[in-house]
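Here is a friendly walk through one protein model, from the whole chain down to two residues. Have the viewer open as you read.

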Amino acid sequence: MIAVLKGVLALLRFAVGACVFSFINVVIFRLPRGVSVVLGRSHCPACGRILTARELIPCVSFLVQRGRCAGCKKPISGRYFMGECLGGLAFLCCGAWFGYGEAGLLSLRGLLAFAYLAILMAVAGIDWDTRIIYDRFHIAIMVLGAAALWLFPEHGLVDRLIGAAAVSLPMLVLTLCVEGAFGGGDIKLMAASGFLLGWKAIIAAMFLGLISGGLYCVWMLAKGRLSRKDRFAFGPFLAAGLAASFFFGDAAAQWYLSIL
C-alpha cells in the first residue's frame, strides 16, 4: 500500500512538472510571434480549431490522439510531448536532488532549480526556432541568482561574480575578434547563468555545450544538412550544459581539478 501511495504521489509530481512545461511550450510558440502567452485559448496551429480540455492533458492527450489533431488529423509536433515529459522528469529530479517541503512539493532550493530548468527550456526552444534569446530570460536568471545568494550560500558573491565573467568575457572577446563567433544572447545567457551557478559550474557548462554542439555540427555536416559556412543555434546546447551543470557542474570541476 505504501508503495502504491508513493507511486501515486510521484505521478502527481510528474503531472505538476508536465503542466508547467506545457505552458513553456506555449511560451516557445507564442512569444516569437508577438502573441500573448496568457490570453487567448490554445488552438491547433494547422487548422486553428480551439482545443478542448481533454486535448490539453499533458503527455496523455498526445498519446491518446496518436500525435494528431482531433479535428484536422494533421500531425502534432513531438516537441510538445517531449517538452511535457521533460517537465515531469525535471520536477522529480529537482525533488530527488534537493528534497521536498512539508506540503510534499519542492523545497525552496528545488523550486529555484525547477524554475531555472523551465527558463532554459524556453531559451532552448525559442533559440532553436528563431536564433534569438530574449533579455527577459537573462533578467529572470539574474533574479534567481539573487535568490540563490540566500538559498545556496555555499557560493559566495565573489564566486558568482567570477562566474559571471569567467565564460562570458572570453566569449565576448572572441566575438569581437571573429565576427559571428557567438551571439549576444549566448554571451548574456552565460553571464547571467555564471552568476547563478558560480565559476566552476559555468566552466563545466561551457565545456558540455561545446562538446554537444560540436558533435551535432559534425553529424549535420556528415549528413550534408549543414555546410561549413552555415550557422546554427548554439543556445540549446548551452542550455543542456547549464542544466546538467546545475546538478553536477561543481563536482565535475572539482574532480577535474583534483587530477591536475
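This is a predicted model: local features need pLDDT of at least 70, side-chain atom pairs count only at pLDDT 80 or more; totals for chains, interfaces and linings use all residues.

Residues are numbered from 1 along each chain as its sequence is written, and side-chain values use heavy atoms, with hydrogens and water left out.

**The whole chain**

The protein chain holds ten helices and zero strands; helices (H or I, at least four residues) and strands (E, at least two) are DSSP runs, numbered from the N terminus. A compact globule of 260 residues would have a radius of gyration near 18 Å, and the 20 Å of the protein chain agrees with that. The radius is taken over C-alpha atoms, and the globule rule is 2.2 Å times the number of residues to the power 0.38. Along the principal axes, the C-alpha atoms fill a box of roughly 55 × 50 × 35 Å.

Of the 260 residues, 40% are buried (buried is under 20% relative accessible area, exposed over 50%, partly exposed in between, with a 1.4 Å probe and protein chains only). Among contacts (heavy atoms within 4.5 Å) between residues at least 6 apart in sequence, 66% join residues at least 24 apart.

**Helix H4**

Helix H4 covers residues 108–130 and has 23 residues. From first C-alpha to last, H4 reaches 33 Å, close to the 33 Å expected at 1.5 Å a residue; the expected span is 1.5 Å times one less than the number of residues. Just after H4, Arg-131 takes a positive phi of about 60 degrees.

**Two residues**

Where do Pro-32 and Ile-202 lie? Pro-32 is in the loop between helix H1 (2–30) and helix H2 (60–64), while Ile-202 belongs to helix H9 (residues 199–223).

| Residue | Relative accessible area | Class |
|---|---|---|
| Pro-32 | 29% | partly exposed |
| Ile-202 | 0% | buried |

Not counting residues up to four places away in sequence, Pro-32 touches Val-27, Ile-126, Thr-130 and Tyr-134.

Leaving aside neighbours within four places in sequence, the contacts of Ile-202 include Gly-163, Ala-166, Met-190, Ser-193 and Leu-242. Val-167 is also one of the contacts of Ile-202, and the two residues are 35 apart in sequence and 7.1 Å apart in space, C-alpha to C-alpha.
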